[in-house]
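Here is a short briefing on the protein shown below. Look through the structure before reading the notes.

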Amino acid sequence: MINDDIRDAEIRLIDTDGTQLGIMPSKDALGIANGKNLDLVKIAPLAKPPVCKIMDYGKHMFELSKKEKEARRNQKTVTEKEIRLNLAIEEHDFIFKVKNASKFLKDGDKVRVSVRFRGREMNYTSQGAEMLKRFAEIVSEFGSIERAPKMEGRSMSMIINTKAQASK
C-alpha cells in the first residue's frame, strides 16, 4: 500500500535514511512524504502499529525488477539428456555411448540411461540391470547415480547426475 491507500489511524514512520521518526497519525506522515516529493509505503502491515517508510516507490520497484532479471540471468538450467541402449549392443558402441554420457556430465547435464527390451528380451532384465551398473561404474568419475535402475514398461532406466549437483 502506498500514499492515500494507507487507512490506518497511527503508523510508525521510518525516514529515507532509515531513522525512526516515531509513531504518528498517517495524515501527518503523508504530509511529510509529500513535502519531500516522495511516497509513503507500508512495509510491515501486520505490526502494531503498522510500519511505513518514506521512499521513491517507482525507483524501489525498478530496483526490485532489476535484481530479479539479474537472478534469472545467472540461473543455470539443467537439461536431461537420454542415452538408449539395448541388450545386443556391441562393446565399441557401448564405449561410444559412455563417452557421450561423460561429455554431457562434464557440461553439467543430467543423463538418463535406458535399456529397451524387445520381445523375448523381457526375460533378461537382470542383464539389462548389470549393463546399467557397468555403465554407472565407468562414468563414476564424472557423475553419480541419482536414481537407481528401475523398470518402466518395456525399458529399464536410471538417472546419473554430475558430481557437483549430486553433492548438493
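Where is the place of Pro49? The place of Pro49 is in the loop between strand S3 (39-44) and strand S4 (51-55). Keep in mind that this is a predicted model.

**Overall layout**

- The protein has 5 helices and 8 strands.
- Starting at the N terminus, the order of elements is β-β-α-β-β-α-β-α-β-α-β-β-α.
- The radius of gyration is 30 Å, well over the 15 Å that the globule rule gives for 168 residues, so the protein is more spread out than a compact globule.
- The C-alpha trace spans about 85 × 25 × 25 Å along its principal axes.

**Contacts, surface and charge**

- Of the contacts with a separation of 6 or more, 56% are between residues 24 or more positions apart.
- Among the 168 residues, 33% count as buried.
- The accessible surface is about 11,000 Å², and carbon and sulfur atoms account for 50% of that surface.
- There are 32 positive and 25 negative charges, and their mean positions lie 5 Å apart.

**Nonpolar cores**

- In soluble globular proteins, nonpolar side chains tend to be buried together.
- The largest nonpolar core here holds 22 residues. Leu85, Val113 and Phe135 have the most contacts inside this core.
- Strand S5 (80-86), helix H3 (91-106), strand S6 (110-116), helix H4 (125-138) and strand S8 (155-162) each give two or more residues to this core.
- Phe135 touches Ile83, Leu85, Phe94, Lys97, Val98, Ala101, Val113, Met158 and Ile160, leaving aside residues up to four places away in sequence.
- A second, separate core has 10 residues, including Leu13, Ala29, Ala33 and Cys52.

**Backbone details**

- Lys48 and Pro49 are joined by a cis peptide bond, with omega about -10°.
- Asn37 has a positive phi, near 60°, although Asn37 is a residue other than glycine.
- Asn37 sits in the loop between helix H1 (26-35) and S3.
- Asn37 counts as exposed because its relative accessibility is 71%, and the cut-off for exposed is over 50%.

**Ser140**

- Ser140 lies in the loop between H4 and strand S7 (143-152).
- With a relative accessible area of 34%, Ser140 is partly exposed.
- Ser140 and Phe104 are 36 residues apart along the chain, and their C-alpha atoms are separated by 13 Å.

Note on methods. Residues are numbered from 1 along each chain as its sequence is written. This is a predicted model: local features need pLDDT of at least 70, side-chain atom pairs count only at pLDDT 80 or more; totals for chains, interfaces and linings use all residues. Side-chain values use heavy atoms; hydrogens and water are left out. Helices (H or I, at least four residues) and strands (E, at least two) are DSSP runs, numbered from the N terminus. The radius of gyration is taken over C-alpha atoms; the globule rule is 2.2 Å times the number of residues to the power 0.38. Buried means under 20% relative accessible area, exposed over 50%, partly exposed in between (1.4 Å probe, protein chains only). Contact means heavy atoms within 4.5 Å. Accessible areas come from the Shrake-Rupley method with a 1.4 Å probe; for residues, only the protein chains shown count as cover. Lys and Arg count as positive and Asp and Glu as negative; His and the chain ends are not counted. The place of a charge is taken as NZ of Lys, CZ of Arg, CG of Asp or CD of Glu. A nonpolar core is a set of buried Ala, Val, Leu, Ile, Met, Phe, Trp, Tyr and Cys residues joined through side-chain atoms within 4.5 Å.
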